[in-house]
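Let's take a walk through this protein together, starting with its overall layout and ending with a few individual residues. Have the structure open so that you can follow along.

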Amino acid sequence: MNTNDFDFELPEALIAQTPLAKRDASRLLVLNTHQKSLVDKHFDQIIDHLNPGDALVMNNTRVLPARLYGQKTETGGHVELLLLKNTEGDDWEVLAKPAKRLRVGTQISFGDGRLTAMILEELEHGGRIVRFSYDGIFLEVLESLGEMPLPPYIHERLEDRDRYQTVYAKENGSAAAPTAGLHFTQELLERIAAKGVKLVELTLHVGLGTFRPVSVDDLDDHQMHSEFYSLSQEAAETLNEVKAAGGRIVAVGTTSIRTLETIGSKFDGQIQADSGWTNIFIKPGYSFKIVDAFSTNFHLPKSTLVMLVAAFAGREFVLEAYAHAVREGYRFFSFGDAMFIEKSSENN
């Protein structure tokens with residue numbers, strides 16, 4: 001398939017710049033792939049589409065304040081680094097600006113020298129491997145000097161950095177939020193659990209690919225980035241119990257989907273405790289092995305995330321849903337509204 005097959009018109013005014021005052025006050029477009037129906041709701045009504053005995057699977061990764069602004073030690077030139085992943089010790093893979101001026105051996109200072117970095121290696125697309133030096137605990141230094149790495153299409157300043165974290169964020173390591181989870185409040189999760197839905201957590205640290213568009217015409221030529229994932233033994237056992245009892249595996253967001261389907265592909269459709277790196281590319285033609293339904297935000301045109309949704313719901317139906325969302329003024333991307341996609345609602 002061609003990348004242009006997943007393009008659509010999106011007015012810039014629909015790109016949400018700030019989160020709503022209340023997380024679960026966003027809108028929810030419900031897609032039923034069996035009935036080919038689109039229903040407009042509010043996000044807190046997602047509970048009506050979760051059945052007792054289902055499992056709701058959430059990515060508990062926590063976003064690092066991973067954007068750093070500093071100066072080249074020798075010239076004073078301004079530098080921006082976006083931390084992507086810890087490679088070893090104090091070495092990190094980063095996106096660097098202006099990359100052309102940051103050669104191996106360049107030293108950078110942040111916060112009047114409280115944190116320094118040296119370029120160790122040059123990678124493609126502005127990537128660099130850097131080694132940090134500091135006194136104390138790195139994450140504490142980062143918390144004091146770093147900013148939340150909001151996507152480039154968000155131009156407003158985020159007043160409360162916790163609004164770019166899910167309420168269940170625990171495991172440090174992401175360069176971006178798993179945004180489908182931003183809609184959940186603790187109260188809504190408690191109501192869902194009280195209905196008899198199992199709440200299950202996994203981890204996938206959102207990385208480099210979030211900031212890279214698909215740059216090829218033929219999808220078969222696209223190479224996905226790698227991201228670290230982990231599913232615990234306890235979580236695997238709970239999911240297997242749910243499936244054995246006839247419940248559904250409902251994923252929150254594409255990161256949860258990618259983790260579950262990576263494990264399902266690795267273990268012939270079975271769910272096992274596992275951790276490692278995944279570069280799975282889910283596009284039309286893929287056969288889902290674990291996930292039965294999911295929530296997700298509205299994504300960028302021609303992105304791998306739209307392709308993943310199309311793999312589950314069908315390209316034409318997904319593009320129809322996106323056109324409906326544009327007509328109805330839904331808010332798009334990280335701080336925008338959500339979709340819930342299911343195969344049938346006959347049990348609800």
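Predicted model: local features only at pLDDT ≥ 70, side-chain atom pairs only at ≥ 80, totals over all residues.

The protein chain is divided into two domains, and domain 1 is made of two stretches, 3-63 and 160-342, while domain 2 covers 67-147. If you take the centres over C-alpha atoms, domain 1 and domain 2 are 31 Å apart.

How many residues of each domain are in contact with the other? The count is 11 residues of domain 1 against 11 residues of domain 2. Together the two domains bury about 850 Å² between them, and 54% of that area is on carbon and sulfur atoms. The interface also holds polar features: two salt bridges cross between domain 1 and domain 2, and three residue pairs are in polar contact across the interface. Sorted by class, the side of domain 1 that touches domain 2 has four nonpolar, four polar and three charged residues.

Now look at a salt bridge formed by glutamate 143 and arginine 161, whose side chains meet at 3.1 Å, N to O. Arginine 161 sits in the loop between α1 (138-145) and β11 (171-174), and glutamate 143 is in helix α1, so this pair ties together parts that are 18 residues apart in sequence.

Widening the view, a search of the whole structure finds 12 salt bridges. One to visit next joins aspartate 91 and arginine 131, with the closest N and O atoms 2.6 Å apart. Why does this pair link separate parts of the chain? Aspartate 91 lies in strand β7 (residues 91-97) and arginine 131 in strand β10 (residues 127-134), so the bridge ties together parts that are 40 residues apart in sequence. The two partners have contrasting surroundings: a residue counts as buried under 20% relative accessible area, so aspartate 91, at 10%, is buried, whereas arginine 131, at 43%, is partly exposed. The side chains of aspartate 91 and arginine 131 are also joined by a polar contact of 2.6 Å. Leaving out residues up to four places away in sequence, aspartate 91 touches Lys85, Asn86, Leu120, Ile129, Val130 and Arg131.

Another salt bridge brings together the side chains of lysine 170 and glutamate 201, at 2.7 Å from N to O. Lysine 170 is in the loop between α1 and β11, and glutamate 201 is in strand β12 (residues 198-204), so the pair links distant parts of the chain, 31 residues apart. Lysine 170 is partly exposed, with a relative accessible area of 48%, and glutamate 201 is partly exposed at 26%. Elsewhere, salt bridges with shared partners join Asp54, Arg248 and Glu342 into one network.

Let's turn to helix α5 (residues 304-313). Nine of its 10 residues are buried, so the helix is largely enclosed by the rest of the structure. Among the buried residues of α5 are Val306, Met307, Leu308, Val309 and Phe312. What do the buried residues of α5 pack against? Their partners are α4 (253-266), β16 (293-297), α6 (315-327) and β17 (338-342). Just after α5 comes glycine 314, which takes a positive phi of about 95 degrees.

The last stop is threonine 33, in the loop between β1 (27-32) and β2 (37-42). Threonine 33 is buried, with a relative accessible area of 14%. Apart from its neighbours within four places in sequence, threonine 33 is in contact with Phe312, Ala313, Phe317, Ile341, Glu342 and Lys343.

Conventions: Residues numbered from 1 in each chain as written. Heavy atoms only, no water. Domains from an automatic or database assignment. Contact = heavy atoms within 4.5 Å. Buried area = accessible area lost by both parts, 1.4 Å probe. Salt bridge = Lys/Arg side-chain N within 4 Å of Asp/Glu carboxyl O. Polar contact = N/O pair within 3.5 Å; in protein donor to acceptor, adjacent residues only side chain to side chain. Nonpolar A, V, L, I, M, F, W, Y, C, P; charged D, E, K, R; others polar. Helix = DSSP H or I, 4+ residues; strand = E, 2+ residues; numbered from the N terminus. Buried < 20%, exposed > 50% of the residue type's maximum accessible area, 1.4 Å probe, protein only.
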